[in-house]
Amino acid sequence: MTFFWIILYNTVFIPIAFVLIHIIALFDEKAKRGLSGRRLSWVSLRKFREKYPNKELFLIHSASLGEFEQAKPVIRGLKALRPDILIVASFTSPSGYENAIRIPEVDLFIYLPIDTFLRVRRFIQKLRPQKIIFVTYELWPNLIVNAKRHHVPTYLMSARIRRNSSKWMPIVRNLFRTLYRMLDYIYAISEEDRLSVKNLTGSVNIKVLTLGDTRYDQVIQRAHERMHLTIPKLFDEGFVFIGGSIWPQDARHLVPALFKSMKQFESLKVVMAPHEPNKYALEMLEDSFQQEGFSTLRLSEFKSPVTDVRVILVDKVGILAELYHQANLAFIGGSFRGSIHNVMEPAVAGLPVLFGPTYHNSREAEILIRAGGGWCCEDENCFYDKIKSLIRNPELYKKASFSARQVIMKNLGASARTVKEILESN
């Protein structure tokens with residue numbers, strides 16, 4: 001069956017995808033940047049290997065920025081224990097390649113070539129990696145096949161297979177069974193995921209271990225780094241509610257509950273951060289609060305802790321993780337839109353976390369609910385009741401805050417375990 005899928009992939013899927021990518025690039029700037037970036041990456045790769053022709057090299061592939069964040073603590077660990085190796089970080093998407101912070105532990109940032117057999121074979125022959133490490137999801141068949149042909153061991157770290165994943169669909173399942181079986185090592189984030197992987201792969205000789213989720217280590221590292229940033233204190237006093245990564249679908253349920261809560265509790269202050277802080281999103285929130293009699297201030301206009309304004313709108317990106325450390329309670333957006341955003345950053349700040357009904361894409365949200373550090377609400381009445389109870393009951397709030405932070409603390413250490421397994425494997 002492996003041979004069948006590889007032939008089908010290279011004779012049908014890849015030719016169609018190759019043509020579509022080049023057509024889309026004629027009209028889409030992001031796709032165009034991806035193609036030009038791949039051409040430049042090949043030049044960079046050749047010069048890089050000519051400069052370091054004999055050094056041992058690990059390739060770590062992330063589909064996008066989120067997966068690279070998961071890989072960071074592992075990359076740091078590998079470099080700390082093996083400073084002699086080269087680490088090359090590859091990406092599929094322009095958003096990942098362009099926005100990834102160039103950490104010093106990575107020796108070269110590149111695009112992964114389009115997954116045609118000949119391009120990837122040339123890529124492997126020029127790069128000559130000793131190990132290839134995929135992060136979480138994205139597996140490229142020709143990269144795996146060529147790794148096998150050149151005797152390069154392959155790893156999948158922070159592996160997870162959701163219960164509702166398309167990987168379980170009949171035909172798709174067969175394809176992914178083939179891909180997972182070609183890997184040498186799979187490191188799952190939980191025992192449930194390890195069993196899912198074993199169920200998918202069947203009885204083949206692949207080392208599948210439960211090592212945990214490296215994102216917990218990374219969120220602690222990011223929290224530590226952001227302690228040194230210079231976002232001023234927004235409010236001198238009061239109970240601060242922060243809405244992170246808000247979409248209009250979220251606001252329709254959350255904002256009316258905030259109106260009721262703010263009218264009942266004068267100490268309640270609000271920070272709202274749209275997922276995309278464009279003119280429409282900011283003006284929509286401004287109009288909503290001002291119509292209810294609450295003045296607002298954009299963060300870019302902020303100068304010192306305010307006393308006459310109870311609502312601050314975040315019109316900058318990249319600072320949300322730090323702002324959580326100035327709040328008492330958080331709502332995480334996306335949960336009325338299809339998939340929830342990052343609940344780990346407020347949890348590490350010790351915030352109880354509220355969210356809407358579409359949270360099952362996030363295992364961390366499910367864990368928070370079980371631990372008592374998070375709640376799912378389906379309408380404004382539920383949000384109002386939770387906000388009210390947490391303000392009125394300090395003991396309940398203290399317990400929820402402790403539980404949220406403990407979810408993070410209990411899951412640390414996955415990066416060290418992953419590094420150990422990668423370095424000790426053959």
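**Before starting**

I am working with a predicted model, where local features need pLDDT of at least 70 and side-chain atom pairs count only at pLDDT 80 or more, while totals for chains, interfaces and linings use all residues. Residues are numbered from 1 along each chain as its sequence is written, and side-chain values use heavy atoms, with hydrogens and water left out.

**Entry: a cavity**

I searched the whole structure and found 2 cavities of 30 Å³ or more. A cavity here is a set of points, on a 1 Å grid over the protein atoms alone, where a 1.4 Å probe fits but cannot get out; lining residues have an atom within 4 Å of a point. Grid points are joined across faces, edges and corners, and the volume is the space filled by probe spheres set on the points.

I picked the second largest cavity, with a volume of about 30 Å³. Which residues line it? I noted Trp 5, Ile 6, Tyr 9, Pro 141, Leu 175, Thr 178 and Leu 179. Helices α1 (2-25) and α7 (170-182) each give at least two residues to this lining; helices are DSSP runs (H or I, at least four residues), strands likewise (E, at least two), numbered from the N terminus.

Sorted by class, the lining has 6 nonpolar, 1 polar and no charged residues. For this, Ala, Val, Leu, Ile, Met, Phe, Trp, Tyr, Cys and Pro count as nonpolar, Asp, Glu, Lys and Arg as charged, and the others, Gly among them, as polar.

**Entry: Leu 211**

I found Leu 211 in the loop between β7 (207-210) and α9 (215-226). Is Leu 211 buried or exposed? Its relative accessibility is 8%, so I wrote down buried (under 20% relative accessible area; exposed is over 50%, partly exposed in between, with a 1.4 Å probe and protein chains only).

Setting aside neighbours within four places in sequence, I listed its contacts (heavy atoms within 4.5 Å): Tyr 187, Ala 188, Ala 414, Arg 417, Thr 418 and Glu 421.

**Entry: cysteines**

How many disulfides are there? I counted 1 disulfide, using the rule of a pair of cysteine sulfur atoms within 2.5 Å. Cys 377 and Cys 382 form it, with their sulfur atoms 2.4 Å apart. The torsion about their S-S bond is about -55°, so I noted a left-handed disulfide. Cys 377 is buried at 0% relative accessibility, whereas Cys 382 is partly exposed at 22%.

I checked Cys 376 too: Cys 376 is in no disulfide, and the nearest cysteine sulfur, belonging to Cys 377, is 6.6 Å away. Cys 376 is partly exposed, at 27% relative accessible area.

Note on methods: 1 Å grid on protein atoms, 1.4 Å probe; cavity = no way out; pocket = protein on both sides within 12 Å on 5 of 7 lines; lining within 4 Å.
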